[in-house]
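Trainee: I would like to learn how to read the main features of a model like this one. Please show me the structure and take me through it.

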Amino acid sequence: MASMSYLSVIERYHEYEQLVHELLESILTGMADNELFADTGKAIKIFSEVASRYPFVELMYLLDDNGRQVSPNLALINQQVKLLSVGESPDRSQRPYYLNVRDKTGVQITRPYLSNASGHLCLSASIAQRLADGKRGYVVVDINLTCLIEFMMGDSARRRVIPLFKAVYAILVTGLFIVVAILIGIAAHDIWLLFTGGISSAHDSLKPFGTIIFITLALAIFDLGKTILEEEILMHKDIFRHSSTRRTITRFVSTILIAISIEALLTMFKSSLGKFEYIQGAIFMMLAVVGLLIGLGVYVYLGAKAEALLTRNSVRQRKG
């Protein structure tokens, strides 16, 4: 549930590249105006209106015909538009957003790159305008690519409550780890009694199995807590992909399989020591392990096939 990694953002961008370009073209075409170069107040008003509708728009600035910046940076910071000074007409003539649009018409969009201003993955969209003196000016807008992907996927609202989700998961994981510590403490105490002879000989043959059960439960609960910690707190989980859900379910069921398998083996060992009443339970547990393993294999196989089919269909539809 962590923020999207750069790889995830770029992967999503390539999936929706055509739609992204169409959206940015419509935004920039709608906001571009010759008066932006003559009236800073109007530029601030237009950028504020655009930024309020499209929160992924981070920055706007104007270039002259030679690629020099002729305006301050209009930046969206904490939902407020601010003017950021950039010094004495810095030269942007070697930047992709100028080179792309210099000899072209219409909106031009760069490839994803790391912004010097924000440090985030971004796109720059630019469009040329014919000014009153006959020269060309260029309107450039920087886009936060991560926010854009979240906006297009309708994920913005969920992202705002992620800190609450993380806090709840952190509390649950802490509780699981406390239980693990208690189980390990009980197992350690039993092992100490075994070494010190504090357990009567009548129960010595079965007592180690009880200790192993505590350790096994601790292992299973620890693995469950570790899975939740990684999947829901530390890693980015793309809920729009079935593979993310499949990965979580696979890890969770695998933890259960390991715990049941060990318990089944322990029960079988008990029966070999003369406790024949455990045989039936051990057999049923082993059958349950086999059933879970087969079911998990079928689920993973069919899930992967279904996702591959959906991906191919999505690619065909975008190309069509």
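Trainee: What share of the contacts in the chain with a separation of 6 or more comes from residues 24 or more positions apart?

Mentor: Contact means heavy atoms within 4.5 Å. Here such residues account for 62% of those contacts. This is a predicted model, where local features need pLDDT of at least 70 and side-chain atom pairs count only at pLDDT 80 or more, while totals for chains, interfaces and linings use all residues. Residues are numbered from 1 along each chain as its sequence is written, and side-chain values use heavy atoms, leaving out hydrogens and water.

Trainee: How many helices and strands are in the chain?

Mentor: Helices (H or I, at least four residues) and strands (E, at least two) are DSSP runs, numbered from the N terminus. The chain has 10 helices and 7 strands.

Trainee: Which residues have the most contacts inside the largest nonpolar core?

Mentor: In soluble globular proteins, nonpolar side chains tend to be buried together. A nonpolar core is a set of buried Ala, Val, Leu, Ile, Met, Phe, Trp, Tyr and Cys residues joined through side-chain atoms within 4.5 Å. The largest here has 34 residues, with Met31, Leu123 and Leu148 making the most contacts inside it. Helix H2 gives the largest share, 6 residues. Another core, of 12 residues, lies apart and includes Leu59 and Tyr97.

Trainee: Which residues of H1 are buried?

Mentor: They are Ser8, Val9, Arg12, Tyr13 and Glu15. These lie on the same side of H1, because they cover an arc of only 155 degrees around the axis, taken from the directions from the helix axis to the C-beta atoms.

Methods:
Buried means under 20% relative accessible area, exposed over 50%, partly exposed in between (1.4 Å probe, protein chains only).
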